[in-house]
Amino acid sequence: MRKFMLWSQTHPWIAIVIVAIITIFALYSARNIRIDASTEGMMIQGDPAQDYYQETLKKFGTDNITVIFINDKNLFTPEKLKLLDELVFKFEELHGVSKVESLYSVTNFKGVDGTLETNPLMDWPPETHEEAEQIKADALQNPVFLNNLISKDGTVTAINLFVEVNPDEPGFNVKFSKQVDEIIKPFQNRFDNIFQIGLSYTRRLISDNIIGDTVKLVPMAIFVLLLTLIVFMRSASGAILPMLTAGTSIIWTAGFMAYVDIPLNVLTVIVPSLIVVIGSTEDIHILSEYLESIGETGGNRTEAIKIMSGKVSTAILLTSLTTFIGFLSITLNQITLLKQFGIVAAFGLFVNPFVTCFLAPVYLRFFGSTKGKISGEHKASFADRFFGMLADNIIKIIYSNKWLVLTFFLGTAAVIGLFTLQVNIDNDLLGYFKKNSAIRSRSQILHNDLAGAQTFFIRINSGFPGAFKRPENLAYIAQIQKYMSEKGWFDKTKSLADDISIIHREMNNGDEKYFKVPDSTDLIAQYLLFLHRDEISRYVTADFSEANILVRHNISSSYELADALQDLEQHIKKTLNPHFLWGFTGENILVNAAADSMAEGQAKSLSIVLVLIFIIMSILFVNVKAGALSLIPNLFPIVLIFGIMGIFGIPLNTGTAMIAAIAIGIAVDDTIHLMSRYNTEMRVLQSQDKAVNVCIHAEIRPVISTSIALSLGFAVLGFSNFVPVICFGLLSSMVMIFAIIGDLFITPILLSSTQLMTLWDMIGLKLQEAVIKDAELFRDLRPWQIKRVVLLGKVLTSEAGELAVLQGEEGSSMYFLLEGRAEVVTKDKKTGKDIILTKLNPGDVFGEIALVEPGPRSADVRALEPINYLEIDWNGLKRIQRIYPRIAGRLFLNLSRILGGRLVQTNKLLLETKWI
């Protein structure tokens, strides 16, 4: 990443041209992006049950039903029934309608003087009120019509439109629903209430809401981000950078969506907002480090960019990788919506850091501020004082009692996290809409007066023709329907058994005790003669080998529906012929079945994110402990949020199922920045407490700024039209706030008990051959072990002629020469001339006596050329012993040899002096 940034700084116009060319191609491709309002995306991708469902539709007809709800207190009058006739006529001519079911299309089976009349309930509108009242009485006497075509009080009726969708006609449902509204519109003032509801209307609302979210959410996210940047970064010009990088990334992502044919749906519609919100975090860190560096360089943009890129490049690479992994893990879910969202979001947040590294240096080179952060000659602003005071208080709390503070936060999370067990799983279509939405209101009205708009089939296959002409088999169906009616879960069921039962009743003078399936096969055969094939085609196949029960309901919770179906399944197993094959099917069932896969997908994605982040961090910081350390503060907000979901009854849906993996992938970003900064400071200060102190003061502004920017950005999704998106946005917003606690309290406490080094440090550290092979201090240590020792210490530098050690200076540490040559010099007390005691080469140790006997230095050490040397004191040795005990054991042995050798040399010198 650093090379990308430095290259774009030195080749700004080439970088601009490259980005511009890709953006133009992406814009051209984005023209073909489509909107998908279907429910297929809410189902399990490649689910074999979809084949069973499609086969059912071929046998029993479409389940795409649009219900025209009509309410009028004077419904059964000649005037109103004439209007109803006009409506039915118009709908019969509507393209896509295969059948219109209404009071004008049904047969009124009626026993009269021992005979059965099979006339239509209405051939044409009645001319008198008496005729209208008779029609009403006949309709109310028919259980098949009740709660389907007429309400119990006779003030509500329905026109059911059976819709055959043309798969080759894009946007059919939206167009069809609008045509229905056009037909209804002239009648709105002629009935007390009239509206449509059904699958086509639902898909139209989804499509409209997707467009509404696109238009609304992105500008809101941009506004929130700009406001946050201006407030926290105090740079209006700097606030333009995230807009530039996010805007470019959004265009690239839109082009990618069109290219791979992933549509805008209820989840992918929020990706642009996420790119604005999440992508801006790296811009904030870049701007923060740039402003700090511009102060150090006295306003030199070029040098400031070089310093900034060195500080943030590793962190950007890591944070981008973890965020990418978080979103990509969503693709492990089997639900198509989530899979598509994971692919698109992962792509957008994969290209965003590259766009940032291309454009940020170019933008800062031309438009970057030349005024840095607070310096000694400037008065601190309110924000500086606020963050400084906040950092001081956090440090005070941490060091008052580290482990008590850690126990408090982790213990609180554990207690709240227990409520996670109460979280339910939900994937219901109606649940995507707000409770005060038009569709929820209409659905409830339909449920109260007739039967809910949601449907599914219970398909029963006997395996042999004529099976459902037999009374015992039709009785099975009737028993299942009776059980469902007694339980009260569902509003209405309809089957062939209903038609046979109503005919049987009417053939027995309307006696209710005969409303049942007769015991005689001959009677059933006679009754079937009264039924036209098109009347029963939805309930039995032509050869009577398979039967179907149509179920209508208004259950808007998939876990409630699952409980009802589970109970019903047990009853059917006890009731039905064990040799029959049967199953539930329908869009409602397929969407509901996908709910169970969400928990599994959540577990998979979360596990993979945790494992990969653990591996990445362990490799990066060359320490398994660092991998575990990076996860603890980021699991903290996740445990809290799922506990809160359980407490407040928020279900696991397509929105909330994404929170854990995504939030960890994002929240770990600030942890990485803190760990990287701690590593840098620790190498200089060689004190864990001091390094934590400096780290918190330096990172508190960007950590809080990015977390609040993310929190507000996610909160913008609370204005979405879709409930899962609202839940995702608001809960993710809370996660970001909780993440601040984890980053500023838990992470520093854990850091204060360890020391870090990065893989880049290990790779980048070049040691001379003499250091690796010939140095007595590192005898029997492998090169990577030697590098660890060097990186855990403090490396100092001196130019040629400078003194690395000053004679007479108090000291308690020893030194190890890494690069260059030096000499040990003392002065002749009589002449004042320099006496060179020895020459030092890479791999030599000097000043070692002060390590065991602190005191004034006995000689100067002067650099003959630029030198790098390692300072080692007892605290450093103890730190090595704590982190790498085996390496420390070898070091102590080698150090004892060196000190023993020096002691022998000293004794020998003393003896020679004494002899002389």
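Okay, quick definition before anything else: when I say helix or strand, I mean a DSSP run, numbered from the N terminus. And keep in mind that this is a predicted model.

So, let's start with N147. You'll find it in the loop that runs between α5 (129-141) and β5 (156-163). Most residues other than glycine have a negative phi. Is N147 buried or exposed? Its relative accessibility is 17%, and buried means under 20%, so N147 counts as buried.

D261 is another non-glycine with a positive phi, about 60° here. D261 sits in the loop between α8 (240-260) and α9 (271-296). With a relative accessible area of 46%, D261 is partly exposed.

Now, staying with α9: what does it pack against? Helix α23, residues 688-716, has its axis within 9 Å of the α9 axis, and the two cross at roughly 165°. Angles over 145 degrees count as roughly antiparallel, so that's what we call α9 and α23. The crossing is right-handed. On the α9 side, the contact residues include L274, V277, I278 and I284, and α23 brings, among others, P702, A709, L710 and F714. By class, this contact has eight nonpolar, six polar and two charged residues.

Last stop, a hairpin. Strands β15 (822-827) and β16 (834-840) pair antiparallel over six bridges. T826 has I835 of β16 as its bridge partner. Six residues lie between the two strands, and in this hairpin G832 takes a positive phi near 75°.

That's my tour, happy to take questions.

How values were computed
Residues numbered from 1 in each chain as written. Predicted model: local features only at pLDDT ≥ 70, side-chain atom pairs only at ≥ 80, totals over all residues. Heavy atoms only, no water. Helix = DSSP H or I, 4+ residues; strand = E, 2+ residues; numbered from the N terminus. Buried < 20%, exposed > 50% of the residue type's maximum accessible area, 1.4 Å probe, protein only. Pairing = 2+ DSSP bridges. Axes fitted to C-alpha atoms, helices over the stretch in contact; angles between N-to-C directions. Parallel < 35°, antiparallel > 145°, perpendicular 65-115°, else oblique. Left-handed = near helix turned anticlockwise from the far one by under 90°. Contact = heavy atoms within 4.5 Å. Nonpolar A, V, L, I, M, F, W, Y, C, P; charged D, E, K, R; others polar.
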